[in-house]
Amino acid sequence: MSPETPLATLLTSAGRAARPVALGPEGAVDAAELRAAVARASAYVQSQPGTTAALYHGDSYQFAVWLFACWHAGRVVVVPADKVADTRGALAADAHLALGELAADEPRPAPGAAVALAPIARDRVLLRVYTSGSTGRPALIDKTLAQLEAEIAAIDAALGPSAPPGAAVAGTVSHQHFYGLMFRVLWPLATGRPIVRRSVRFPEELAALPTMPPPVLVTSPVFLGVLASGGVPRAAQLGLVLSAGSALATDIARAARDAIGAPLFEIYGSAESGAVALRREPGAGWQPLPGIGIRVTPAGTLEIAAPQLGTRGWQPTADRAQVTEAGFELAGRADRLAKIADKRVSLDRLEAALEASALVGAARVVVLPGPHAELGAVLVASVAGRAALARDGAFATGRALRRALAGEFEAVVLPRRFRFVDELPRDPLGKTRAGELAALFAPARLRPIVATREAGDGQLRLKLEIDRSLACFRGHFPAQPVVPGVAQLEWAIGFAREAFDIRGAFSGVDALKFQRIIAPGMAVTLTLEWRGTTLAFRFESDTPHSSGRILFAGEP
Amino acid sequence: MAAMDRQEIYAWVARHLTEMFEIAPERITPEARLYQDLDIDSIDAVDLMVKLNELTGKRVLPESFKSVRTVADVVDVIHGLVN
């Protein structure tokens, strides 16, 4: 890396002002415009209270503007992986300022207001990013500018020769993950490569990227799988392709490389460590980036030493590895050992054994929460597996797989429960999250939790908590969960039959009104009145949701 | 645990077979054979025994489970323990 491009002084030193820094359908943005935009945004950030800001933006350039604006204002930036309501709620406690698409109204700094930008402090934590949560809950990782600069230097020493100066950097992975943030935003900005503002979503969009010089594509095994099967549009020309997030299968790597016609490097690293090593093809050894030391402990886990870690000495990782002549090889994660009935079992080994079955296409094993730790297997059936499911059902197929594992593992550690899914729930980097897998085993409750209950003569009043795990939300509707009308009738009848002496069969509904939807997160009051042959019901919160009279046939 | 009649025990066993092993309720009958008809294997049988221990507060001896073939046999074992 050339010495004049560290992040701390990227916008304070007089660079070539007309150099393009970002490309998009809006046209190119040059370095002078970036500097001016950051100076205005930084004035806005400085006018706001607090020390921490949360930032989400779908546009990599706008994201960079707010990121540098906060850093120049001395604010810590928390980068959430998504902008869904839970994330906002969790962030609200921590961050004083919500920026980009997290803000209720995107702040528009006054055109005149700008501050002079001073170099950014290098040794304070200024970035907080989330781990992927592939083995547990996502955790926050702190980074100083010095760590980020050290990582950029290591990356550029390894990749710089393969990516021509001035090559645009596009990506299919979001900069809201650390991999995308480093490779799509920080490395290009620091090394004079323009960033392509919008994520590439479909292979066809590759044809629209600038080709002089051929661009870099920052992607993941998920998108490479699409390229491998569908091909790359003829007009597209790529100079270098980077993949990270999850392991790239050998056949996909080969097919993708043939389709791309450019070098394809896999990156090994994590939000905690940053980029550690790269390899040119599956099966080849991993080469540590320049300046990064690796060693394997007697217990077989990888340790790394690097300036980008921000600590001196060797840092443990959770990855098992072997040093080879060509670098090192990874052998699964050490923390994927579960303790079941006091026996240790490797989840990787169980998954590999399940995937060795002709019935299984892909397998993930998770520890299920509960009084006794037990394992659940989430499986994608192969063609043969689908035939077995149709013939024998899911339970018998799961038991057949368990018999097949019995020779290799002790009975007590074998998965207790099996779930067959059409595809594994994956994030955009191709990772599966333990929490999402475990959720597949959560029993779906048919009725909501009763928070309070008041019973009177022929009357019942229940306060119900409508939570997302209710069975009626499955498929109704994926993007907009709503309690279906039939579920409301069923709840009314179910609670009423328990409280009143209703013997007759359901025979119809009168005066049925659905006024407002009932959605997850609401608390509603259900009032039931039993009048001998009819049951009046009413769902309400601060507003009426639905009401009607349910009729029951008399005793036969 | 208070005395339970066979019908109550049967309902309890049927519910646990459904909850623990996700067996469709309509497949569970007193005559259904655990291994052949319900696909329960020896690991499931152990898990079921652990649950029985929790329910009855008494240790279900593995020997008493050896002769168990059908859902009705399970009901008999529990009935013998709690009454």
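Start with chains A and B together: putting them side by side buries about 920 Å² between them, and carbon and sulfur atoms give 44% of that. Buried area here is the accessible area (1.4 Å probe) that two parts lose on being put together, summed over both. Keep in mind that this is a predicted model, where local features need pLDDT of at least 70 and side-chain atom pairs count only at pLDDT 80 or more, while totals for chains, interfaces and linings use all residues. Residues are numbered from 1 along each chain as its sequence is written, chains are lettered from A in the order in which they are written, and side-chain values use heavy atoms, with hydrogens and water left out.

Next, select the residues that meet across the two chains. You'll get 11 from chain A in contact with 11 from chain B, contact being heavy atoms within 4.5 Å.

Now zoom in on Arg402(A) and Asp41(B). They form a salt bridge, with the closest N and O atoms 2.6 Å apart. The term means a side-chain nitrogen of Lys or Arg within 4 Å of a carboxyl oxygen of Asp or Glu. The count between chains A and B is four salt bridges.

Then colour helix H9 (383–405) and strand E23 (417–420) of chain A: each supplies at least two residues to the side touching chain B. H9(A) gives the most, with four residues. Helices (H or I, at least four residues) and strands (E, at least two) are DSSP runs, numbered from the N terminus.

Finally, hop to Ala150(A), in helix H4 (residues 145–159) of chain A. Leaving aside residues up to four places away in sequence, Ala150(A) touches Pro307(A) and Gln308(A).
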